Amino acid sequence: AESGDDGAYAGGGMNAFGPITVSPAAQVINYGQSIFEGMKAQRSPDGNILLFRPTENAARFAAGAARMSMPAVPEEVFVRGVEETVRANASYVPPHGKGTLYLRPLLMGTGPILGLGPAPSYTFLVYCSPVGAYFKGGQLTPIKLVVEEHFHRAAPGGMGGTKAAGNYSPVLVTQLSAKKEGYADVLYLDAVENKYIEEVSSCNIFVRKGKSIKTPPLGGTILPGITRKSVIELARSKGYDVEETPVSVTELLDADEVFTTGTAVVVCPVGSITYKGKEVVYGDASDPGPTTMEIYDALTSIQAGTAEDTFGWVHPVLPN
Ligand code: PMP
């Protein structure tokens, strides 16, 4: 759907996947006015298609739009756009337990502008693709992370709290070199003291010591993950003491168990972390830790419609 300054996002419809045409002076190409979301649709055992907390994505998208000087997509338009994309691609939603349909809502300044300023017009679109596990080895295979000591993802006052396209360019170099060295991904530190953990390239992080679970606080430098928020609630409901508080590298390396969370990675066990060239292994590096398993099972069974949705998180996409 296209928008003028009124934010109406009118004229949407379903188009076959393919190139979109924009002016070379499109704001997004020149100045990066673009935000996105990542969501998944999956089938319950009885074949219904389920989304997970889509209004949370709509809210984060709207907050991101405000930070980026873009007219926000109303929640109703956002959810309808996602639902219609799912319905039009229902045949690509894998059978229960065989993967998911990943959905990518995008909002970008497509109107032309030469001098720096917000775009005169915007495009809101949703595309999708069936996906399997995010990291090779499959879901629940513990990953190796490396702590990045020189480059940072986000600075205080910057864009780290927004799912802005531009946030992902600073991590390309670090992610690639980490992968070459055999790590699955990179763990970033705060840009002020270079001492507190923040997040991984595409997921949030949790550390457990005994019954205490900690995750870095939302302060504008990490993404407010919807999986993160859900895992905090789930873990509390299971009797864990969960704190959103700065976690130093020292605490990280001293933890009993570490896992990451995100739409793409779901709940992912961390088998080892390398810091300053030294690798620290958690538990039995080839199996997920007990809390990771407990939270993974609780979350995925709600998402897949095999456990009672006591939190009201699941959003069925009914056929038209
Ligand atoms: N951090 C970053 C940088 C991400 O890209 C993502 C994926 N959206 C997350 C965390 C996890 O967020 P969510 O649980 O909403 O997918």
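**A close look at Val22**

Analyst: In this predicted model, Val22 counts as partly exposed because 16 C-beta neighbours lie inside 10 Å, whereas a buried residue would need 20 or more. Val22 has its place in the loop between β1 (2-3) and α1 (27-31), and, once residues up to four places away in sequence are not counted, Val22 touches Ile29 and Thr110. The C-alpha atom of Val22 is separated by 34 Å from that of Leu318, a residue 296 places away along the chain.

As background, nonpolar side chains in soluble globular proteins tend to be buried together. Here the largest nonpolar core has 75 residues, and those with the most contacts inside it are Ala41, Leu107, Leu145, Leu187 and Val258. Strand β14 (residues 266-275) gives the largest share of this core, five residues, while domain 1 (2-131) and domain 2 (143-303) each supply at least three. Val258, leaving aside its neighbours within four places in sequence, is in contact with Ile205, Val207, Leu252, Val270, Ile273 and Tyr282.

Turning to the ligand, there are 14 residues around it, of which Leu223, Gly225, Thr227, Gly262 and Thr263 come nearest. The elements that give two or more residues to this shell are α5 (226-237) and β13 (257-262), with α5 providing the largest share, three residues. By class, the shell around the ligand comprises three nonpolar, eight polar and three charged residues.

Notes
Residues numbered from 1 in each chain as written. Predicted model: local features only at pLDDT ≥ 70, side-chain atom pairs only at ≥ 80, totals over all residues. Core = buried A, V, L, I, M, F, W, Y, C linked by C-beta atoms within 7 Å. Buried ≥ 20, exposed ≤ 12 C-beta atoms within 10 Å, placed from the backbone. Helix = DSSP H or I, 4+ residues; strand = E, 2+ residues; numbered from the N terminus. Domains from an automatic or database assignment. Contact = placed C-beta atoms within 7 Å. Near = placed C-beta within 6 Å. Nonpolar A, V, L, I, M, F, W, Y, C, P; charged D, E, K, R; others polar.
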